[in-house]
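Have the structure open as you read.

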Amino acid sequence: MTDGTNELLGEVAVYYSNRLAQHGQTAAGVDWRDTDSQILRFDQLLKLVAAAKPYTLCDIGCGYGALLDYISDLGHSIRYIGLDVSSAMVNAARQRFVHNPNARFEIASRPDTLVDYSVASGIFNVKLERSQEEWEEYLLETLDVMNEVSTRGFAFNCLTSYSDADKMRRDLFYADPLHLFHICKSRYSRHVALLHDYGLYEFTMIVRK
Ligand SMILES: C[S@@+](CC[C@H](N)C(=O)[O-])C[C@H]1O[C@@H](n2cnc3c(N)ncnc32)[C@H](O)[C@@H]1O
C-alpha cells in the first residue's frame, strides 16, 4: 500500500470513528440513513454466496459487525473475518462478538489469508476532500485486492452516478456503474452481475469466479 493510500485511509478512519462516537453501534453510527437500508444492502451483497455449505467470508469495512449479526440470524455456517480501518469500530465489534469462535476482527484493509468470498458495503462512498481521480484510483486498487484474496468471488456497493444531480454532494463519490461493470468483466471474471434495482441511489456489483 502506498503512503498516499495510508494517509487516505487514516482520514477515512477518523471520519467513521467520529460517526461511531456520535451515534453509537447503530446504522447511523456507520453513516447509514437507517437499519432497513443497511439490511437491504446486505441482502444484495449476500446474493454472491452459496450458503448451503460452509464458507469463509471477509467483510472489508465491517463497522461494528452488523453484517455478522445478519448472517448469524440467517443461520449460515461461516468463518468470518471483519476488517476495518477504524480501531474504534474494530474494538466495538470485538466486544460484541467476543464469544463467537468463528469470527475475528482486525484493523486492516486487506485480509492476511485467502477467503472464499469478500464483500464491502459502504467503503467507497465518502471521499472527503479527495479528487474524483484519486478516489477512483483507490477504488480500483481495492477491487484488485478483493479479487486477489477471494477464491470464489467478491461483491461491493457504490453510490451511483445516476443519482439526482441536485441531491449529489461534493464529499461523496458517485461511481459510473457501467464503467465498473466493464472493469470487473474485463479484469476479473466473465460472471458479473450489476444490481441497480433495489431502490437506493446506489448499485451492487457481484463478481463470481
Ligand atoms: C459506511 S460504513 C459501513 C459499515 C458496515 N459495512 C455496515 O454496512 O454496517 C463503512 C465502514 O468501512 C470502514 N472502511 C472504509 N474504507 C475501508 C477500507 N478501505 N478498509 C477497511 N475499512 C474501511 C469505515 O471505517 C467504516 O467503518
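## A strand on the inside

Let's start with S2: six of its seven residues are buried, so the strand is largely enclosed by the rest of the structure. Keep in mind that this is a predicted model.

## The neighbour on one side: S1

S2 pairs with strand S1 (residues 55-60); the two run parallel and are joined by six bridges. If you want a spot to look for on screen, Tyr55 stands opposite Ile78 in S2.

To get from S1 to S2, the chain goes through helix H3 (residues 66-74), and this β-α-β crossover is right-handed.

## Another partner: S3

S2 also pairs with strand S3 (residues 103-107), again running parallel, with five bridges joining them. Here Asp84 stands opposite Ile107 in S3.

There's a helix to go with this pair too: S2, helix H4 (residues 87-96) and S3 make up a right-handed β-α-β unit.

## Around the ligand

Now for the ligand. It is surrounded by 22 residues, and the closest are Tyr16, Gly61, Gly63, Ser109 and Gly122. Two elements give two or more residues to this shell: helix H1 (3-23) and our strand S2 (78-84). H1 provides the largest share, with four residues.

How values were computed:
Residues are numbered from 1 along each chain as its sequence is written. This is a predicted model: local features need pLDDT of at least 70, side-chain atom pairs count only at pLDDT 80 or more; totals for chains, interfaces and linings use all residues. A residue is near a molecule or strand if its C-beta atom, placed from the backbone, lies within 6 Å of it. A residue is buried if 20 or more other C-beta atoms lie within 10 Å of its own, exposed if 12 or fewer, and partly exposed in between; C-beta atoms are placed from the backbone. Two strands pair if DSSP finds at least two bridges between them. A crossover is right-handed if, with the strands pointing away from the viewer, the path from the first strand over the helix to the second runs clockwise.
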